[in-house]
Amino acid sequence: MLRKNNFMLRALKQASKAYGADEVPVGAVIVDSKTNQVIAQAYNLTIKNSDPLSHAEITAIRKAAKSRGSPYLSECDLYVTLEPCPMCAYAISLAKIRRLYFGAFDKKTGGVENGPRIFSNSCAHHKPEIYGGIMEKEAKEMLQNFFRELRDKDRST
């Protein structure tokens, strides 16, 4: 479990970068499961890129696929600080990610354990092993602080 926490700590550091850039603080890390080497990491960039697809998971998958020269990441594990949304969950399925580890559960817009549960749907071509709640407290607190500060800014203007 220690190694998984180390990778989730790296994802939390990526989320912290998003927080500092006024992006929703979600971070993702993709690890080669055979070598335990990080091959890609990313954080949300939807505001900076003016791109609703620039979620941490999508960006990390793109980087990993490019580094591997293949759209399939079947020997890779994804660590992300928040339960992936339906779009990201489907991208994880298409990339054939081996294992998905996520931090906080997302009751509102999640697509794995909540909402449409993409991997339980027949449209999912591949279902990774799924482990939720890894360092959930830390991930949840960062998100709650971000949205609290955002609401406070909105009230003051």
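Author: α2 passes α3 in a left-handed crossing (the near helix is turned anticlockwise from the far one by less than a right angle; clockwise would be right-handed). Helices here are DSSP runs, H or I, of at least four residues, and strands are E runs of at least two, numbered from the N terminus. This is a predicted model: local features need pLDDT of at least 70, side-chain atom pairs count only at pLDDT 80 or more, and totals for chains, interfaces and linings use all residues. Residues are numbered from 1 along each chain as its sequence is written, and side-chain values use heavy atoms, without hydrogens and water.

Reader: Which residues of α2 and α3 meet?

Author: Glu57, Ile58 and Ile61 in α2 meet Met87, Cys88, Ala91, Ile92 and Ala95 in α3. Contact means heavy atoms within 4.5 Å.

Reader: New topic. Where does Asp77 lie?

Author: Asp77 sits in strand β3, residues 76-82.

Reader: Buried or exposed, that Asp77?

Author: Asp77 counts as buried because its relative accessibility is 4%. Buried is under 20% relative accessible area, exposed over 50%, partly exposed in between (1.4 Å probe, protein chains only).

Reader: What does the side chain of Asp77 reach at 3.3 Å?

Author: The backbone nitrogen of Arg99.

Reader: And Leu73, what is it in contact with?

Author: Beyond its neighbours within four places in sequence, Leu73 is in contact with residues including Ile30, Ile61, Ala95 and Ile97.

Reader: Which axis numbers for α2 and α3?

Author: Their axes come within 9 Å and cross at roughly 20 degrees. Axes are lines fitted to C-alpha atoms, for helices over the stretch in contact, with angles from 0 to 180 degrees between N-to-C directions.

Technical notes
A polar contact is a pair of N or O atoms within 3.5 Å; within protein, one must be able to donate a hydrogen and the other to accept it, and residues adjacent in sequence count only if both atoms are side-chain atoms.
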